[in-house]
Amino acid sequence: MHDQPSSVKADLTTVVVNWNTRDLLDDCLRSVDDATPPGLRNHVIVVDNASRDGSVGYLHRHWPQVTVIANDENVGFCRANNQALRASASPNVLLINTDARLAPGGVAGMLDYLRRDPRCAVVGPRLVYGDGSFQRWTAGQPFSLRTLANYLLGLERLLPGWAGAAGIYLGRDTDEAFQPGWVSSAVMMLRRSAIEQIGLLDERIFVYMDDVDLCQRARDDGWNVWYAADVTATHFMGASSRRVTGRASPEALRALNRWFVRRHGHPAGLALRGLEVLGFGARAVAYAGLSVLRRPPERSSARSQMRAHATHLRLALEPIHV
């Protein structure tokens with residue numbers, strides 16, 4: 001276990017948190033190697049959260065140049081990343097999920113934002129699926145009651161293009177860089193001096209909302225967050241959590257509610273849960289109707305959506321333990 005900063009002299013530290021995704025490690029680490037510019041010293045650290053698939057032994061055999069921090073238990077995403085941050089000393093840090101792949105030039109592209117803007121604390125690339133289609137949850141607006149209402153009540157889809165109806169995710173793909181409220185930690189580059197000022201990832205968060213929280217704290221302290229639209233990375237999504245693409249997971253919703261109460265207080269948390277009840281309840285009823293009206297081949301999909309939104313509705317009524 002590493003408690004002190006490493007003596008490795010590096011320009012960049014790349015941190016990969018692994019939990020039972022041995023089959024993804026080769027492609028992830030190879031993409032990091034291929035994207036690292038010649039002459040840039042990149043110290044790669046894999047933090048393994050007590051995987052049972054032989055990941056640690058595999059890394060020792062096939063990637064001896066990688067530093068491995070092997071935990072005895074699954075300590076969660078934030079704590080694992082923080083272990084690597086504390087065990088390194090490079091001026092910049094790249095966080096990348098095992099189910100993400102950098103394209104050639106990706107490291108240099110993100111570093112360029114940090115060089116051009118001395119107040120840039122966080123930069124994230126444009127994320128796409130394996131088929132090249134755009135992921136809306138690559139970045140988005142700050143999480144507020146207004147943006148969450150626009151998302152939960154579907155106003156962002158009913159009134160596309162109107163700024164007042166913007167939700168928590170990007171409404172459309174863009175090739176222009178801008179400063180969003182947050183960028184996804186699936187692939188995220190950090191300036192260490194900024195992180196030292198605002199604090200590491202919040203270890204009260206086991207998984208989900210870590211990126212929204214970190215970016216919000218950076219912006220609160222006067223740092224900038226950049227969406228690098230000219231840098232693209234592939235994110236297959238949810239390999240460890242087995243999240244269904246395009247559907248909020250139960251743990252993500254619980255993490256949102258806990259974070260929102262800590263950030264905005266219990267009255268605002270109650271208001272958010274009211275919006276969730278309205279939004280998920282309406283969707284559950286709508287899909288229940290579609291499951292009756294649609295033709296048989298399409299009914300199963302509608303019923304699946306109905307069950308998912310009914311689950312979210314129940315979660316919205318759960319007590320929140322912050």
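Guide: The expected span of a helix is 1.5 Å times one less than its number of residues, and the model to which we apply this is a predicted one.

Visitor: How do you know that the span of α1 is close to what is expected for a helix?

Guide: Helix α1, residues 22-35, has 14 residues, and from its first C-alpha to its last it reaches 21 Å, which is close to the 20 Å expected at 1.5 Å a residue.

Visitor: Which residues of α1 are called buried, and what covers them?

Guide: Buried means under 20% relative accessible area, and in α1 the residues that fall in this class are Leu 24, Leu 25, Asp 26, Cys 28, Leu 29, Ser 31, Val 32 and Ala 35. Their cover includes the strands β1 (12-18), β2 (42-49), β4 (92-96) and β5 (100-102), together with the helices α2 (55-62) and α4 (106-116).

Visitor: Why is β2 described as largely enclosed by the rest of the structure?

Guide: Eight of the eight residues of β2 are buried, so the strand is largely enclosed by the rest of the structure. Asn 42, Val 44, Val 46 and Asp 48 point one way, while His 43, Ile 45, Val 47 and Asn 49 point the other way, and all are buried. In a regular strand the side chains alternate between the two faces of the sheet.

Visitor: What makes β1 and β2 a pair?

Guide: Two strands pair if at least two bridges are found between them, and β1 and β2 have seven, in the parallel sense; therefore they count as a pair. One of the bridges links Thr 13 to His 43 in β2.

Visitor: What makes the space lined by Arg 204 and Trp 259 a cavity?

Guide: A cavity is a set of points where a 1.4 Å probe fits but cannot get out, and the count comes to one cavity of 30 Å³ or more. The largest cavity holds about 30 Å³ of space, and its lining consists of Arg 204, Ile 205, Tyr 208, Met 209, Ala 255, Arg 258, Trp 259 and Arg 262. By class, five of these are nonpolar, none is polar and three are charged.

Visitor: Which residues lie closest to the centre of the second largest pocket?

Guide: The second largest pocket has about 480 Å³ of space, and of the 19 residues that line this pocket, Ala 166, Tyr 169, Leu 170, Gly 171 and Arg 172 are the closest to its centre. Tyr 169 lies in the loop between α6 (155-158) and β8 (182-183).

Visitor: How do you know what Tyr 169 touches?

Guide: Contact means heavy atoms within 4.5 Å, and, not counting residues up to four places away in sequence, Tyr 169 touches Arg 136, Trp 137, Ala 139, Gly 140, Tyr 151 and Trp 182.

Terms used: Residues are numbered from 1 along each chain as its sequence is written. This is a predicted model: local features need pLDDT of at least 70, side-chain atom pairs count only at pLDDT 80 or more; totals for chains, interfaces and linings use all residues. Side-chain values use heavy atoms; hydrogens and water are left out. On a 1 Å grid over the protein atoms alone, a cavity is a set of points where a 1.4 Å probe fits but cannot get out, and a pocket is an open set with protein on both sides within 12 Å along at least five of seven lines; lining residues have an atom within 4 Å of a point. Grid points are joined across faces, edges and corners, and a volume is the space filled by probe spheres set on the points. Ala, Val, Leu, Ile, Met, Phe, Trp, Tyr, Cys and Pro count as nonpolar, Asp, Glu, Lys and Arg as charged, and the others, Gly among them, as polar. Helices (H or I, at least four residues) and strands (E, at least two) are DSSP runs, numbered from the N terminus. Buried means under 20% relative accessible area, exposed over 50%, partly exposed in between (1.4 Å probe, protein chains only).
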